[in-house]
Amino acid sequence: MAHSAVPVTARWPDALAGVLVLVLTLGTLGAVAWRAEWGDGLDPADWSAIGFTVMQALLSAFFSVMLAIPVARALARRQFWGRQLLITLLGAPFLLPVIVAVLGLLAIFGRAGLLNTGLAWLGIAPISIFGLHGVVLAHVFFNMPLAVRFILQGWLSIPAERFRLAASLNVPIWRVLELPMLRAVVPSTFLVIFLLCLTSFAVALTMGGGPRATTVELAIYQAVRFDFDLGRAALLACIQFVLCVLGAVLAWRVTGNDPIGTGLDRVVRRWDLARPGVDYGVIILAAIFLLLPLAMIVLRGLPEFFNMPAAIWAAAFRSVLVALGSALLCVLMALALALRGEMMVSIVGVMPLAASGLVVGTGAFLLVFPFIRPADVALLVTMLVNATLALPFALRALAPAVEQIKQDYGRLALSLDIAKGSWVRLVILPRVRRPLGFAAGLAAALSMGDLGVIALFAGQSEETLPLAMYRLMGAYRMDSAAGAALLLVALSFTLFWICDRWGRADADM
Amino acid sequence: MKKATYLPAVAGLALCATSAWAETPVLQVLTYDSFVTEWGPGPAIETAFEAECACDLQFVGAGDGAALLARLQLEGPRTDADIVLGLDTNLTAAARETGLFAPHGINADLDLPIEWTDADFLPFDWGYFAFVGNAGADAPQSLRALADSDAQIVIQDPRSSTPGLGLLMWVKTAYGDDAPALWADLSDNIVTVTSGWSEAYGMFLEGEADAVLSYTTSPAYHLIAEEDDSKVAWAFDEGHYMQVEVAGKVAGTDQPELADKFLAFMVSEGFQSVIPTTNWMYPAVTPEGGLPEGFETLVTPAKSLLLSPEDAAAKRDVALDEWRTALSR
C-alpha cells in the first residue's frame, strides 16, 4: 500500500459509521423491499410526481444558493455590532419543524398574513402564496440559512494574507479569490439543498396547493400508509436514491479545486469596500425575510407558554436527551468519516439525505419488531436515525476543514512520526473546533424537531416534544400547540447556539 | 416451587414466565394518537375499565386511523395488540382482508342513523363530515353551491388523511359519475390540500380559509371547551357522509376473554359517556343522561350517506383518480 501524506488513523471508527449509515439507509430500504409483494410498476401519476419533485428541488436549491451568495458576502465583508448574533439567528429557520415553519410563513404571506393585510391597506388585491412559487418560497426560507452558513464559511476560510497579496498586486479580488472559492463551495451546497427538497413532503403539498404538488415522498407515504404497498414504496425510494447518486456525481464533477493556501487565521481587513449601503441593504432584507415569520411564531406561542400541560415539559426533557445523544454520535461519525476522506465516504455522507424518512422508519420498525418491543427502543432508534440524517451536514462542515489540515500539517506530522491519537487530539481537534461545534449544534437542533421515526415507534411514555405538539393539534388544542412550538423553537435554538458558541469560543469569526 | 428459582435464568422462558406469573393480565389496544392523549378519551376509559376487569389496559397510539392499519399490517400475525380501535368504514374492507381479525360476537343496541350488521367490526362512535366555518358568514347550502361560490376552503389529502378520504367518498356518493365535474368546479375554492387534519384545522383557525373539512361536531369543542360559539358547521342538501369509527378483535390475541369483555364495555355507559367531550364525536350508544349540553346546537343532516366497506374499497381508486385529475389542472 502506498504511503499516504498523512498519519494513518484507526480504520474501525469510520467503518462503523459507514456501516450504520448503510444499515439505516439501504438496510431499511431492503427490509421494506423484503416484505413487499411486488405488483405493478410505476403509473403515470408517479412519473408526474417524479417530474414535479425534481423541478421544485432544482428551483428551490437554485434560489436558495443564489440569494445566499450576496448575503454571505455582505456578512463576510462587514463588521457591525450584533453581527455574530445575527448570523446565528439567521440560521434558525433551518431548525424549525415543518408545521411550525409553515404556520409562521402563513402568518406573513398567507391570506390573513401581514403582507396581504398591508396590501389591503394600500388597496392592492391580495396575492396567493399557494402554488409552485409557494413551495419554492418555503424551501428557500428553510434552506437559505444553511446555504448562507456554508458559503460564509467559505468566505471566511480565505486567509487574510491572500486579500493583502491581491491588494498589493492590485488584482480583482472577485476573480482571483472569491470566484474560485464559490466554485468550490457552491456545488456541494446546491446538492445538499437539492436533496433536502427532493424528500420534502408536507411543505410541498401544503404550499403547493394540491395534488399538482405531489412529491415522490408523498407517493411513498401513500404507498405505505394507505395502500400498504411496500413494493411500490421501495421502488419509489430506490428512485430517490438514484436521483441522489446522480446529483452527487454531478456535484462532484463540477466542484472546483479550492486553490486557497494556508494563512495565519488573521481577521480580514478589506479596503475594496465601497458602497456599504448595498451590503447592509442585503443583510436587512434577509433578516426581514428570515426573522419575521420566526417572530410571529414567538408571538403566537407566548400567551399559552406558561399554561402548557405538564406532559409537555416531560416530553421536552426527553427531546433534549435525544438531541444531545444524537449530536454526540453524529459528530463522532462525521469526524471518523472526515479523517478517512475518500470519495466513497462523501457518497455515504450524502446518502442519508436521499433516504425517505418514512422508509427509514418503516424499515427500522421491520428490523426491530421481531426482536424487541418498538416502544422500548423508540428513543434509541430516534437518536441513531437522527444522528445519521444529520451526518451530511456535519460532514459538509467538517470534511473540508479536516482536508485542509491534512494538506497543511500532514507532511510535518508524518516527518515527526506523530502517534495516531496525538494527531487527532493535538492537531485535528483544536483546528476543527469551529465546524465541530456548528455540526453538533445542527445535529442537536435537527433531532429536536424530528417527527419521522418517533411517530412510528413511540408509545405514551416515549413521547417527544414535536410528537406532543402534534398530538395537541390533533386534539383541537391549537393554542397549547403554539406554546409547545415556541418551546421547541427555543430549545432547538438554544442547543444550536450553545454548541456553535463553544466552537467559536476562541475564534473571532 | 424449587424449579421456579432457576427459570428466570433462562431468557426465553423468563419472558413467557413473566406474563404467566403477572398478577394482572394485560390487554393491549392499538389506537390512533389523539385517542390516548390526556385530553382524549383514553385516560378516563382506562380508569373505568380497569375498575371492573382486574386487568391492565394499555393503549398504544399509532398515528391516525390509516397509520393504524399500516401498523397492524407491519406487525402481522405476531402483533401484541389484542384490540384495534379507531378504523373507519373506508378502511375496514382492507382490514378484513388481512385476515387478522376475529368476529366481535357482540349484540348491542346501537344508536346509529344507519343499520349496523358488520360481524367483525363494532362501532364505538360516529360523526358526519362537514365544512366548518365562521358564524355570521355566508354559508353555502350544498356541495354544488359551495363549488359555485367564491368561498375558500382547506381540505385534507385523501391519500394521507382519513377526513380527506371521507370527502372523496362524500362527493362520489352524492354525485356518482358527475363527481369529476363537481371536483373541477370545486378546484378554484380549494386554497390548499394538507397532509393531515391538524394542519388544515390550524390554517382555518389562523384565518387562511373561510372553512375547513372537519366534522359537524367540531363546533361543540369550541362551544364546550372554549365557550366560543363563533364556529358553525355548514349543513348541505346532498346529505353528509358519515364516519363510523370501529374496533375489532385481533384473531391471534392471547387474551380472548378479556378482549370480549372490553368490546362489551366499549358499547356500555362507562366508555360511551366519555366520548362526546373527549373525542368530539357522537357516541355509538347514547348515554343515559343524553348528550352533553351544547350538542343540541349542532346541525343534524337530513340525510346520512355511507358506502358499505366493500363499495368504499371498490370505488376508492377510481374516485382518487378523478380527484387528482380534476385538481391537477
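In the predicted model, 78% of the contacts in chain B between residues at least 6 apart in sequence join residues at least 24 apart. Chain B contains 14 helices and twelve strands, and buried residues account for 52% of its 329 residues. Taken along the principal axes, the C-alpha atoms of chain B fill a box of roughly 80 × 40 × 35 Å. The radius of gyration of chain B is 21 Å, which agrees with the value near 20 Å that a compact globule would have with 329 residues.

The domain assignment of chain B gives two domains, each made of two segments: domain 1 comprises 3–126 + 243–295, and domain 2 comprises 128–242 + 300–328. The centres of domain 1 of chain B and domain 2 of chain B, taken over C-alpha atoms, are separated by 28 Å. To the contact between them, domain 1 of chain B contributes 21 residues and domain 2 of chain B contributes 21 residues. On the side of domain 1 of chain B that touches domain 2 of chain B, at least two residues are supplied by each of α4, α5 and β10 (240–250) of chain B, and α5(B) gives the most, with three residues. By class, the residues of this side of domain 1 of chain B are twelve nonpolar, seven polar and two charged.

With 20 residues, α14(B) reaches 28 Å from its first C-alpha to its last, a span close to the 28 Å expected at 1.5 Å a residue, and it bends by about 40 degrees at R316(B). R316(B) is also one of the buried residues of α14(B), together with P309(B), A312(B), A319(B), E322(B), W323(B) and A326(B). The cover over the buried residues of α14(B) includes α5 (92–97), α7 (162–175) and α8 (179–186) of chain B.

Between the two chains, 38 residues of chain B are in contact with 40 residues of chain A. The side of chain B that touches chain A receives at least two residues from each of α2 (33–36), β2 (56–61), α4 (65–75), β7 (190–194), α9 (197–205) and α14 (309–328) of chain B. Of these elements, α4(B) provides the largest share of that side, six residues. The side of chain B that touches chain A is divided by class into 15 nonpolar, 14 polar and nine charged residues.

For chain A, the domain assignment gives domain 1 (1–35 + 308–509) and domain 2 (39–302), whose C-alpha centres lie 20 Å apart. Across the boundary between these domains, 35 residues of domain 1 of chain A are in contact with 36 residues of domain 2 of chain A. The helices α1 (12–35), α14 (343–354), α15 (357–368), α16 (378–415), α18 (433–448) and α21 (478–503) of chain A each supply at least two residues of the side of domain 1 of chain A that touches domain 2 of chain A. The largest share of this side, eleven residues, comes from α21(A). In terms of residue class, the side of domain 1 of chain A that touches domain 2 of chain A has 24 nonpolar, six polar and five charged residues.

Key: Residues numbered from 1 in each chain as written. Chains lettered and ligands numbered in written order. Predicted model: local features only at pLDDT ≥ 70, side-chain atom pairs only at ≥ 80, totals over all residues. Contact = placed C-beta atoms within 7 Å. Helix = DSSP H or I, 4+ residues; strand = E, 2+ residues; numbered from the N terminus. Nonpolar A, V, L, I, M, F, W, Y, C, P; charged D, E, K, R; others polar. Expected span 1.5 Å × (residues − 1). Bend = angle between axes of the 7 residues up to and from the residue. Buried ≥ 20, exposed ≤ 12 C-beta atoms within 10 Å, placed from the backbone. Domains from an automatic or database assignment. Rg over C-alpha atoms; globule rule 2.2 N^0.38 Å.
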